[in-house]
Structure formats: structure tokens, C-alpha cells
Amino acid sequence: MGGTEHLTVQREGATLVLTLNRPQARNALSLPMLVGLYDGWLEADADDSVRSVVFTGAGGSFCSGMDLKALAGNGMDGEEYRDRLKADPDLHWKAMLRHHRPRKPVIAAVEGYCVAGGTEMLQGTDIRVAGESATFGLFEVKRGLFPIGGSTVRLQRQIPRTHALEMLLTGRPYSAREAAAIGLVGHVVPDGTALAKALEIAEQINSCGPLAVEAVKASVYETAEMTESDGLAAELTRGWPVFDTADAKEGARAFAEKRPAVYKRA
């Protein structure tokens, strides 16, 4: 398992847990964090024993966005990782899920601050759980900046446009309850329990057929901008092969025998 000084990687059964680990800076993005995060997404994709990913932050915060001190020219931790960035100038966008979509389901467990780049990365996740006191928002315009992590494109596709524009243009904070009301997050739970809830959801996903899960996720995203007729055709292309897998046969047998299914990705 990988990881860096600002990104920890752990296994919880079939779930890979990626934790932003720079709590003294409310998990502001750093180069070691971005490198570790991208490597974590690749590890999840490459390891068939991983069936879901939980994405969270240490120390009571998810992510407060880019390290503005570094942006102002005061340096950034992890100079030893510069070669990785030079080798792949797109690495930071892949790490932030702007230019990379993991094939496994990604569940965000948010406590505390999830603002600016934090809210931008959130939009690249599939299922979202927030602690009661979590704070969301895209503060870039207040700082004379542009939310270039994908929010001007993605946010309006994930929540109603009027709410997307208000969030983008006012730069104001949103509570967890307000974020849930507009559809940005799916669950609001007591503070300190977001990770437990995310792991509970992950375990429910892990008990399902992995080939089916991955095909369903892929179909949802690839058909999102298609016409209904094109989308339905694409769905058949994705879906029919799943019925011919050993996983599908195991699922049918387990149902008939009233026992838990044991899937082997075949």
C-alpha cells in the first residue's frame, strides 16, 4: 500500500480508505498529498480485491482547498515530489478527480471544512456523507480566483443551476443541511460519524457483484449527457455482458439457495 506524509492509505476489508492527512492546515492541498492521492486512485483501480473507496480527511476536516501560502510564492512541502509532477503535468488534476474517474465507487466522508478545492474534489465522488457541522463552498471568487477544478462544468449537472450559480458567484459557505437540501450531499450524520456511515455504505456495495457494480457506475456516467435513446442503447452494450458472467450465475444461485453470494469477478 502506498501513501505519503500527507496522504494515508488503509484497508478496511474490501474498501480502500484514502485520508488527506495534513490536519494542521485543515488538509490544504500539498504536493505530497496530490501525489499520494493519485497513487491511491491507481491502486484502487489495479487491485481487484478493492471493491470500493472511502475518501476522507484527518483531524476533523476534509479539505480547505489549495495551500494559498504556496500559491502566493512561499513554497510548498514535498519538493522531492517535483519529478513526479514534471513527468506527468496532469497529475494534480487526476488526483483531484478532474481528469480521472476511478472505476470503483468512491464514497466521500466529510467532517469540518470541505471548501474551495475540497468542494471541487467532492464533485468527483459518487456518494457523499457529511457530519452535521461540515462546511461547504466555493470561495474562489471572493479571492479573485476561478474554481478551475471543474466546478463551473460539473456543479450545474449535479445540483439545480440556480443553486450552482449561487454557490459559484457568492463564494459563501453552506452548512451540511443546506448542502443536502440542494443535493450536493446525500447523508448528514452526527459529527464524528461520517467515516463510519461511509464505511457502512461501502460494505453494502462490497457485498454486491463487483462486475455489475462497476458496469452500473460506468453506464451512469457515460450516458449522462446522451439522449434517452442513445443512452438506452449504450446501457444495453454495458449491461448485457454482465448477465453472462460467473458472478451473475452465482448471484442467481445464492438467491435461490437463500444464502449470501460469493463473487469472484468472473
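**View A. Strand S6 and its burial in the predicted model.** Four of the five residues of S6 are buried, so this strand is largely enclosed by the rest of the structure.

**View B. Strand pairing on S4, S6 and S9.** S4 and S6 run parallel and are joined by four bridges. Within this pairing, Ile107 has Ile127 of S6 as its bridge partner. S6 and S9 also run parallel, with three bridges between them. Here Gly131 is partnered by Val189 in S9.

**View C. Pro190 in the loop between S9 and H9.** Pro190 has a relative accessible area of 55%, and is therefore exposed, the cut-off being over 50%. Leaving aside residues up to four places away in sequence, Pro190 touches Glu111, Gly131 and Glu132. Asp244 is 54 residues from Pro190 in sequence, and their C-alpha atoms are 43 Å apart in space.

**View D. Helix H9, residues 194–206.** H9 has 13 residues and reaches 18 Å from first to last C-alpha, close to the 18 Å expected at 1.5 Å a residue. Its buried residues are Ala194, Ala198, Ile201, Ala202, Ile205 and Asn206. These residues cover an arc of only 145° around the axis, which puts them on the same side of H9. An α-helix has 3.6 residues a turn, so residues three or four places apart point the same way.

**View E. Packing of the buried residues of H9.** The strands they pack against are S2 (15–20), S3 (52–57), S4 (106–110), S6 (127–131) and S9 (187–189). Helix H10 (210–222) is also a packing partner of these buried residues.

Key:
Residues numbered from 1 in each chain as written. Predicted model: local features only at pLDDT ≥ 70, side-chain atom pairs only at ≥ 80, totals over all residues. Heavy atoms only, no water. Helix = DSSP H or I, 4+ residues; strand = E, 2+ residues; numbered from the N terminus. Expected span 1.5 Å × (residues − 1). Buried < 20%, exposed > 50% of the residue type's maximum accessible area, 1.4 Å probe, protein only. Arc of directions from axis to C-beta. Contact = heavy atoms within 4.5 Å. Pairing = 2+ DSSP bridges.
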